[in-house]
Amino acid sequence: MSTQAAAPTRREQILREAARLFAERGFHGVGVDEIGAAVGISGPGLYRHFPGKEAMLAELLVGISGRLLTGGKRRTAEGEGAGLAPAEVLDSLIEGHIDFALDDRPLIILHDRELDRLRDTDRKLVRSLQRQYVELWVEVVREVYPRLAEAEARACVHAVFGLLNSTPHLGRPGALPGRAATAALLHRLALGAFGGAHGADGRASEPKGRAAVDKESARRS
């Protein structure tokens, strides 16, 4: 059985190039003809796939919000099904968001710059999906750090998202230490942010993932 990823559809190609161009030059700085040229079709040919640039922008921003939520739900369900400790589930959530932050930087830029251009219905849908995604994290974070109040945990989640979503400002891709090293650094920073909030008074203990629990059990036996 082949393990190769399916080739992107024409619609997916259009969205990818639209995201890149919108991020580089702004929504109003890009014409339909230019998006078409980037995927090898005429500008008018794009209208067989999208009614206009506004529809592309909406699909990009609603789409990524939905994918983050779906991915987060999948990771938590898989972790719980496998009997992982809450700290390991949080690790998985962080890894998933880092993948997004490193691989979909144009969408981060679009969200920051162009969200207000969406119709009210699309903007409200984006916000609703984002709230659900935040609350998914809050629940896991409070299982790992039970002494964090709900409001504190929510503030921490938003702060960590801000940290991870800073990737468009880290410099040109070639100036970074490499994807794996950057991902590992972001992961440590995210865990440090959560742990710092939990242990701000110096009395909190580190979260106990599966490895830590096993180590402690072996020491006591």
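Helices α1 and α3 are roughly perpendicular to each other, a label given to angles of 65 to 115 degrees, whereas angles under 35 degrees count as roughly parallel, those over 145 as roughly antiparallel and the rest as oblique. The two helices pack at an angle of about 95°, and their axes are 10 Å apart. Here an axis is a line fitted to C-alpha atoms, for helices over the stretch in contact, and the angle runs from 0 to 180 degrees between N-to-C directions. On the side of α1, the contact is made by Arg11, Ile14, Leu15, Ala18, Ala19 and Phe22; on the side of α3, by Lys53, Met56, Glu59 and Leu60. Contact means heavy atoms within 4.5 Å.

This is a predicted model, in which local features need pLDDT of at least 70 and side-chain atom pairs count only at pLDDT 80 or more, while totals for chains, interfaces and linings use all residues. Residues are numbered from 1 along each chain as its sequence is written, and side-chain values use heavy atoms, with hydrogens and water left out.

**Overall organisation**

The protein contains nine helices and zero strands. Helices (H or I, at least four residues) and strands (E, at least two) are DSSP runs, numbered from the N terminus. Along the sequence, the pattern is α-α-α-α-α-α-α-α-α. Of the 221 residues, 40% count as buried; buried means under 20% relative accessible area, exposed means over 50%, and partly exposed lies in between, for a 1.4 Å probe and protein chains only. Among contacts between residues at least 6 apart in sequence, 71% join residues at least 24 apart.

**The nonpolar core**

In soluble globular proteins, nonpolar side chains tend to be buried together. A nonpolar core is a set of buried Ala, Val, Leu, Ile, Met, Phe, Trp, Tyr and Cys residues joined through side-chain atoms within 4.5 Å. The largest such core has 59 residues, of which Phe22, Ile35, Met56, Leu90, Trp137 and Phe194 touch the most other members. At least two residues of this core come from each of α1 (10-25), α2 (32-39), α3 (53-81), α4, α5 (105-114), α6, α7 and α8. Helix α6 gives the most, with ten residues.

Met56 belongs both to this group of core residues and to the contact between α1 and α3. Leaving aside its neighbours within four places in sequence, Met56 is in contact with Ile14, Leu15, Ala18, Phe22, Ile35, Leu46 and Phe50.

Helix α8 comprises the 20 residues 179-198; at 1.5 Å a residue it should span 28 Å, and its end C-alpha atoms are 29 Å apart, which agrees. The expected span is 1.5 Å times one less than the number of residues. In α8, the residues Thr182, Ala183, Leu186, His187, Ala190, Phe194 and His198 are buried. They cover an arc of only 155° around the axis, which puts them on the same side of α8; the arc is that of the directions from the helix axis to the C-beta atoms. An α-helix has 3.6 residues a turn, so residues three or four places apart point the same way. The buried residues of α8 pack against α4 (86-103), α6 (120-144) and α7 (150-164).

In α5, the buried residues are Arg105, Leu107, Ile108, Leu110 and Glu114. They pack against α1, α3 and α4.

| Residue | In contact with |
|---|---|
| Thr76 | Val89, Leu93, Leu136 and Val140 |
| Leu163 | Leu186 and Leu189 |
| Gly26 | Leu21 and Glu114 |
| Gln13 | Pro8 and Val39 |

Thr76, in helix α3, is buried, with a relative accessible area of 9%. Gly26 is placed in the loop between α1 and α2 and, at 14% relative accessibility, also counts as buried. Its C-alpha atom is separated by 8.1 Å from that of Arg113, although the two residues are 87 residues apart along the chain.

Leu163, in helix α7, is partly exposed, with a relative accessible area of 25%. Gln13 lies in helix α1 and is partly exposed at 22% relative accessible area. Gln13 and Ile35 are 22 residues apart in sequence and 9.9 Å apart in space, C-alpha to C-alpha.
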